[in-house]
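Trainee: I have a model open and want to learn how to read it. Can we go through it feature by feature?

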Protein chains: 2
Amino acid sequence: MRYQLGEGFWSRRIRQVQDRMIPLQLSILKDEAPDTEPSHAIENFKIAAGLSKGEFHGMVFQDSDVGKWIEAAAYSLMIRPDPELEREVDDIVEIIGKAQQPDGYLNTWFTIKEPGKRWTNLQDCHELYSFGHLAEGAVAYHQATGKRAFLDIMCRMADHIDTVIGPEEGKLHGYPGHPEAELALWRLYHETGNPKYLKLSQYFIDQRGTEPNFFLEEWERRGRINHWSGRKDPVNLPYYQAHEPVREQKEAVGHAVRALYLYTGMACIAAETKDVSLAEACRRLWKSAVEEKMYVTGGLGATVKGEAFMGPFELPNDTDYAETCASVALCFFGRAMSRLEKDGRIGDAVEQALYNTVLAGVSLEADRFFYVNPLEVIQGVSGVQQGLEHDLPRRPKWYACACCPPNVARLLTSLAEYAVQETEEGFVVHQYLDGAVEGEKAKLTLQTQYPWEGLLDYTIEAKQDITLELRIPGWVNPAEATLVADGAEKPVQPEKGFVKLEIPAGVHRVVLSLPLKPRRIYADPRVRQTAGCVAFARGPVVYCLEGCDNPEPLWNLQADPDAEITVTDYDSACLKGVRKLLVQGYRRSDVPGALYGTQRPEREPQLLTAIPYYAWANREQRDMRVWIRE
Amino acid sequence: MRYQLGEGFWSRRIRQVQDRMIPLQLSILKDEAPDTEPSHAIENFKIAAGLSKGEFHGMVFQDSDVGKWIEAAAYSLMIRPDPELEREVDDIVEIIGKAQQPDGYLNTWFTIKEPGKRWTNLQDCHELYSFGHLAEGAVAYHQATGKRAFLDIMCRMADHIDTVIGPEEGKLHGYPGHPEAELALWRLYHETGNPKYLKLSQYFIDQRGTEPNFFLEEWERRGRINHWSGRKDPVNLPYYQAHEPVREQKEAVGHAVRALYLYTGMACIAAETKDVSLAEACRRLWKSAVEEKMYVTGGLGATVKGEAFMGPFELPNDTDYAETCASVALCFFGRAMSRLEKDGRIGDAVEQALYNTVLAGVSLEADRFFYVNPLEVIQGVSGVQQGLEHDLPRRPKWYACACCPPNVARLLTSLAEYAVQETEEGFVVHQYLDGAVEGEKAKLTLQTQYPWEGLLDYTIEAKQDITLELRIPGWVNPAEATLVADGAEKPVQPEKGFVKLEIPAGVHRVVLSLPLKPRRIYADPRVRQTAGCVAFARGPVVYCLEGCDNPEPLWNLQADPDAEITVTDYDSACLKGVRKLLVQGYRRSDVPGALYGTQRPEREPQLLTAIPYYAWANREQRDMRVWIRE
């Protein structure tokens with residue numbers, strides 16, 4: 001599908017990715033960004049290619065940053081040609097090609113630093129992960145430009161992997177420690193038609209967690225040393241989702257990004273091969289992640305320990321992790337799940353992640369990034385105190401482990417693929433993305449100021465009769481929504497979250513109007529951290545209180561359960577354009593007394609001002625809080 | 001002072017220590033306890049003595065467990081002669097004597113395991129800590145029995161230390177990584193009159209944290225390797241309270257037990273030498289620990305990371321540490337502070353620690369022990385989930401690092417020393433301890449059912465005119481207390497927390513009656529974790545809700561801010577004798593719904609039942625919570 005930017009919310013963000021994030025990230029990859037720790041990622045390829053001298057620097061998966069950046073650049077080129085950017089990619093692809101070994105092997109760490117140790121530590125060393133990201137970049141670049149060079153490089157690497165890993169005797173019976181190759185191989189299969197790649201992806205999925213456990217055997221072979229700690233640590237199999245065969249897994253566990261990448265690959269393969277038991281596992285794992293382990297902001301992975309999921313309903317707000325990449329990965333997983341089944345709740349969860357944690361991962365100027373997305377931040381505590389060191393109160397410029405920024409870049413530049421799904425019948429609209437999406441059968445143009453306004457004004461230029469299915473978000477009361485097709489009012493009676501219209505060939509106008517009333521959100525009573533608390537939202541946007549607008553400490557504020565929530569006018573000058581929410585509440589007296597006393601603190605009325613969660617930490621450094629006592 | 005047990009609350013506990021804990025701990029030290037990991041502590045001494053063959057087992061500070069046990073046994077002997085117990089101690093002392101090296105050195109780790117490495121790692125290896133605990137045991141045993149053997153052994157070790165560490169050229173300019181020797185040397189000085197020990201203690205205190213920093217120099221000398229991690233870790237000086245000279249320290253930081261042992265030693269020396277600037281530092285550090293960093297249960301050290309203090313007012317309830325030893329150490333510090341100044345708030349804090357966290361560290365049967373004392377426990381989360389692994393929902397039988405159980409034993413068997421201070425004028429009563437305390441000038445007998453009843457019935461047999469000062473706890477409204485001396489009512493107008501009576505020589509009766517009304521406790525508004533919450537207490541006893549008495553999950557319960565709190569009759573059959581508190585409240589509907597919805601949970605009336613915090617986890621395993629939403 002082709003996508004043309006419009007003038008709305010997402011188009012402005014995507015343009016920012018094109019104009020700022022992609023050039024910024026390239027300058028970092030090329031070690032040319034001022035005041036930023038050099039990435040050395042492209043330099044590693046140059047050294048491996050013999051074009052430069054020096055040592056490897058960076059993470060064992062440093063190559064993947066290049067793959068993700070090329071992927072984002074490719075999507076950007078699909079939206080807007082840019083010969084200069086294309087030349088940059090071509091130059092990098094040429095270097096990558098030269099770094100490839102005669103047998104097809106491609107990984108700068110093992111080429112430069114540990115040449116004898118290829119494929120000896122699938123668990124820790126990310127060879128298949130880096131391959132996957134480079135392969136995704138190659139597929140995207142081929143789609144964008146038709147140029148085969150990078151795709152061919154990555155097919156050679158995939159062919160090489162196929163000679164090393166697989167069910168046959170003499171091969172390693174392994175799979176990726178960090179999943180990613182599964183979904184990348186599926187994409188490589190789609191782009192090339194080579195069934196070998198589909199089969200290898202299936203092998204990774206089917207082999208995972210079976211007995212005898214590959215990671216345990218590999219651990220013994222390498223003397224039980226963990227790459228990261230350098231020590232003899234026991235293998236925490238659930239961390240790798242390798243504790244049981246994937247079809248038997250019922251709970252989303254372990255490292256959240258690994259888990260969600262794995263589930264995405266599983267869902268891609270399940271839809272591709274009509275694999276019923278695999279699809280069933282995907283549904284269970286989706287439910288576990290989204291219905292029991294997701295923050296109201298669409299964040300996933302509640303603990304810094306292993307960047308991992310905690311148990312069901314265990315969602316601490318101040319020590320949380322909620323890695324930006326995990327919410328990006330939820331969008332991947334959701335898109336793949338939508339190929340398995342039509343259920344508006346999938347789009348609801350993707351929407352929750354997109355408008356909140358994914359966007360919060362990037363500053364409004366698109367120049368600073370959060371890796372971790374807390375729901376409560378306290379100055380002098382968050383980012384400082386023991387156990388909260390990871391919950392930074394400000395977005396840093398860059399990270400040594402720079403997985404999140406390019407992940408956001410590639411997601412947003414390909415957002416049309418998540419928003420609109422082309423099926424045999426027509427279009428299924430999962431997200432309201434302003435601009436024009438053109439598929440085989442029709443072009444769908446959306447004019448909207450969503451999420452600030454509820455009016456969604458579609459023009460459909462259909463080359464043939466199609467169906468148009470629009471997701472009605474779960475937070476909408478359908479009785480309050482209206483739908484007008486070519487001037488005729490249609491009932492809004494969603495089935496499994498979608499209303500369906502028959503659109504004859506020709507040009508048509510469909511106007512959906514969603515009520516964007518501000519609302520109070522309460523968590524399931526099984527969530528202990530939010531008992532007695534309320535959060536505020538309007539449409540897909542979850543709000544937070546920031547110390548810039550409210551008296552600190554924010555924990556002494558309380559919302560009035562009966563007060564009306566006022567929505568301010570859209571203010572384009574505030575936080576790059578937002579509506580705020582205002583609600584009457586109380587402020588508990590914070591006159592310090594004894595540490596423990598018998599006097600109940602007095603309270604006085606206080607108007608509370610909430611801003612979109614994604615926009616926090618863009619003004620002076622103050623406290624922030626999503627859940628407010630009621 | 002001599003102490004005779006009575007029949008009240010503390011006497012029953014102390015008898016339990018004598019009858020159960022001391023024999024149990026001896027059997028563990030001798031590796032004779034069934035179903036318990038062998039301690040190997042005495043075996044280590046036997047091996048070092050050449051009486052046994054084998055390897056060292058246990059912690060680098062395993063010797064200290066023996067010292068602490070002997071100290072508890074000695075105090076027990078002072079209360080109640082026990083020839084069998086005395087023989088056991090004598091046997092152990094004989095082994096310890098044989099384990100001592102010709103130069104006086106005594107430490108089984110460095111004698112058996114690393115003979116060449118003595119004094120190379122003061123920071124990590126606890127040589128001075130183990131010395132200190134053995135020396136405290138030796139002092140106590142000398143006081144109890146008049147036998148000098150152990151005292152002489154420990155003086156020889158102290159003399160040896162004095163040849164190794166000190167200001168003179170050629171000696172190490174070091175100090176203990178884990179403070180303890182400071183206060184032990186002060187006790188050794190008091191018992192022997194040898195000023196060398198006082199001087200060495202002063203050196204440790206004065207030298208700590210000065211430039212050039214000894215720990216940094218030592219770290220370089222040993223190749224930067226940390227004993228515990230085995231890796232090249234940087235030195236976290238505040239963890240060791242070695243980041244600045246102790247006189248300049250203003251905030252209680254780092255490992256809580258190390259800190260409180262250090263401050264205890266500082267306060268002992270400050271009182272001994274009338275060291276004004278050291279006393280001033282002690283006051284500041286006391287205030288920091290007690291007025292900004294203490295849990296309502298008297299727990300200290302909010303984080304598992306380094307078993308350490310967090311910043312002021314940062315007091316998480318579910319991930320907390322609050323090591324039993326830290327509350328025991330607060331009692332040490334408080335006792336030492338009381339020698340520096342008369343202030344009832346010191347006894348208030350000691351009382352808070354004693355009746356709550358110290359007691360909670362031991363099961364009601366005195367056979368199981370908490371190391372960590374959480375204020376909120378959730379089944380399936382506490383002790384299990386990442387970041388809460390240390391917050392166990394049940395007391396284990398024993399610990400590999402068995403510091404806490406013998407610490408409680410030695411504190412309780414010497415509780416009279418904390419309760420009653422004999423001064424030149426007479427007695428200062430800090431704690432209400434049933435039984436009879438006999439000093440030089442008088443014998444003080446207390447009959448009471450405190451903390452269940454507020455009647456404190458004293459008989460004073462004074463050999464001369466004395467003053468009697470009674471602490472009126474900070475939670476008492478003095479206007480509601482009554483004081484009757486020999487039938488005459490006296491005003492209760494405490495000065496700095498004490499009422500003072502002149503008692504002429506002869507036998508007199510003083511009856512103090514404290515109102516034990518149940519009360520609501522609110523934390524300072526700077527404590528974010530308890531905003532909007534209430535805790536319940538009656539007298540010195542802080543209460544908690546346990547799932548055995550209340551519907552789980554407890555976080556869905558809410559207390560009515562206006563309801564009267566009812567006190568149940570004393571029930572000797574319940575939890576070894578308690579009064580419960582009952583208060584009307586609410587229970588939020590816990591019908592599971594969507595993870596996030598717009599429906600505010602309904603609530604229904606619910607009577608809340610609270611039990612003393614110290615008695616939790618003595619019935620079936622359920623959830624527990626001290627702070628309740630109001």
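Mentor: Ground rules first. This is a predicted model, where local features need pLDDT of at least 70, side-chain atom pairs count only at pLDDT 80 or more, and totals for chains, interfaces and linings use all residues. Residues are numbered from 1 along each chain as its sequence is written, chains are lettered from A and ligands numbered from 1 in the order in which they are written, and side-chain values use heavy atoms, with hydrogens and water left out.

Trainee: In what order do the 7 strands of the open sheet in chain A run, and is the pairing parallel or antiparallel?

Mentor: Strands of a sheet pair through backbone hydrogen bonds, either parallel or antiparallel. Strands are DSSP runs (E, at least two residues; helices are H or I, at least four), numbered from the N terminus. Two strands pair if DSSP finds at least two bridges between them. In chain A the order is 1-5-6-7-12-9-10, and the pairing is antiparallel.

Trainee: Which strands stand at the edges?

Mentor: Strand 1 (2-4) and strand 10 (488-490) of chain A. Each has a single partner strand, so one side of each lacks a neighbour in the sheet. Strand 10 of chain A pairs with strand 9 (residues 482-485) of chain A over 3 bridges. There, V484(A) stands opposite E489(A).

Trainee: How is chain A divided into domains?

Mentor: Bounds come from an automatic or database domain assignment. Chain A has domain 1 (423-513) and domain 2 (519-629). Their centres, taken over C-alpha atoms, are 35 Å apart. Contact means heavy atoms within 4.5 Å. Domain 1 of chain A brings 5 residues to the contact, and domain 2 of chain A brings 12.

Trainee: What joins E453(A) and R579(A)?

Mentor: A salt bridge is a side-chain nitrogen of Lys or Arg within 4 Å of a carboxyl oxygen of Asp or Glu. The E453(A) and R579(A) side chains form one at 2.7 Å, N to O. The count between the two domains of chain A is 1 salt bridge.

Trainee: How much area is buried between chain A and chain B?

Mentor: Buried area is the accessible area (1.4 Å probe) that two parts lose on being put together, summed over both. Here it is about 4500 Å², with 53% from carbon and sulfur atoms. R528(A), L595(A) and Y596(A) supply 18% of the area that chain A buries against chain B, more than any other three residues. In contact are 62 residues of chain A and 62 residues of chain B.

Trainee: How many salt bridges are counted between chain A and chain B?

Mentor: The count is 8. E630(A) forms a salt bridge with R600(B), the closest N and O atoms being 2.8 Å apart.
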